[in-house]
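Let's take a walk through a protein structure together. Have a look at the sequence and the 3D view before reading on.

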Amino acid sequence: MAATLIDGKAFAAKVRGQVAEHVARLKEENGITPGLAVVLVGEDPASQVYVRSKGKQTVEAGMNSYEHKLDADTSEGDLLAVVEQLNNDPSVHGILVQLPLPKHLDEDLIINSIAPEKDVDGFHISNVGLLGTGQKSMVPCTPLGCLMMLREHHGSLSGMDAVVIGRSNIVGKPMAQLLLGDSCTVTIAHSRTKDLPEVVRRADIVVAAVGRPEMVPGDWIKDGATVIDVGINRIERDGKNVLVGDVDFASAAERAGAITPVPGGVGPMTIACLLANTVTACCRANNLPEPEGLTA
């Protein structure tokens, strides 16, 4: 393999260490402990595992973790009441409503009921608008993690040609905005882009977030490009269930200068950035300097 492996697991551990150091300083110098509240509605097994992991890592970083587990048939009004209670709780600096929600609940309504300054997922329409206009906002965790890894690997991204494959509100669109903010020339491509291989081949940075297993083969990658693979797809191979990204890792690694693996690449950064966002939200709420290196 010619490409340098961008180890998301190791980098996430470094970010969590930085978070823990900042939390310790907030406690010692200001008597403040950042708090993250997670609301889980229903019994989705994957969501339960994810919420447990979030809670564990929150506590390990020295922060307060608050979990609110609600029945799957919880009414919209009752869920909105829980969110409003958390909005008004000064000990809670970050609020995350775990998605997906049961089908009878309006996800957009619930997300937009979170106080924007506590929206550590960065999904509130106010944060989307602030990010899109280059203003201070809460930034979605997965794109923020991708940006951190790119900055760590390259230093300055100024002038680089970046292609984001995928146009979701959670990854593709905010990723493009963050790259623009770091002075990249950015193209958002997707499954219907004409001559997609040629569009990707000109990129110095490729962020694949389209949700299709191994859609991007190695011959789409420019020699020496940096490839950030956001995809997590479960497929059957040789009689076994395996996780693969949106990029064909083996062939892309022969062309790329650097590449993230799946698993162990972008995935671990998401929770690390959730913790970073909670510390950022706490600092902003208390008019304190934001943690260096943990924000966009």
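What follows is a tour of a pair of helices and then of some salt bridges. Keep in mind that this is a predicted model.

Let's begin with the helices. Two packed helices are described by the angle between their axes and the distance between the axes. Find helix H1, which covers residues 8-30, and helix H10, which covers residues 267-285; their axes lie 8 Å apart and form an angle of about 20 degrees. Angles under 35 degrees count as roughly parallel, so H1 is roughly parallel to H10. The crossing of H1 and H10 is left-handed.

Which residues make the contact between H1 and H10? From H1, they include Phe-11, Val-15, Val-19 and Leu-26. On the side of H10, Met-269, Leu-275 and Val-279 are among them. Sorted by class, this contact of H1 with H10 has 14 nonpolar residues, along with two polar and two charged ones.

Now let's turn to charged pairs.

One joins the side chains of Arg-151 and Asp-182, at 2.9 Å from N to O.

Another salt bridge brings together the side chains of Arg-202 and Asp-161, at 3.8 Å from N to O. This pair links distant parts of the chain, 41 residues apart: Arg-202 is in the loop between helix H8 and strand E7, and Asp-161 is in strand E5. Asp-161 counts as buried at 19% relative accessibility, while Arg-202 is partly exposed at 39%.

Next, look for Glu-214 and Arg-237, whose closest N and O atoms are 2.7 Å apart in a salt bridge. Glu-214 lies in the loop between E7 and strand E8, and Arg-237 lies in strand E9, so this pair connects parts that are 23 residues apart in sequence. Here Glu-214 is partly exposed, at 23%, and Arg-237 also counts as partly exposed, at 35%.

Our last stop is a network of salt bridges, which links Lys-136, Arg-284 and Glu-290.

Definitions and conventions: Residues are numbered from 1 along each chain as its sequence is written. This is a predicted model: local features need pLDDT of at least 70, side-chain atom pairs count only at pLDDT 80 or more; totals for chains, interfaces and linings use all residues. Side-chain values use heavy atoms; hydrogens and water are left out. Axes are lines fitted to C-alpha atoms, for helices over the stretch in contact, and angles run from 0 to 180 degrees between N-to-C directions. Helices (H or I, at least four residues) and strands (E, at least two) are DSSP runs, numbered from the N terminus. Angles under 35 degrees count as roughly parallel, over 145 as roughly antiparallel, 65 to 115 as roughly perpendicular and the rest as oblique. A crossing is left-handed if the near helix is turned anticlockwise from the far one by less than a right angle, and right-handed if clockwise. Contact means heavy atoms within 4.5 Å. Ala, Val, Leu, Ile, Met, Phe, Trp, Tyr, Cys and Pro count as nonpolar, Asp, Glu, Lys and Arg as charged, and the others, Gly among them, as polar. A salt bridge is a side-chain nitrogen of Lys or Arg within 4 Å of a carboxyl oxygen of Asp or Glu. Buried means under 20% relative accessible area, exposed over 50%, partly exposed in between (1.4 Å probe, protein chains only).
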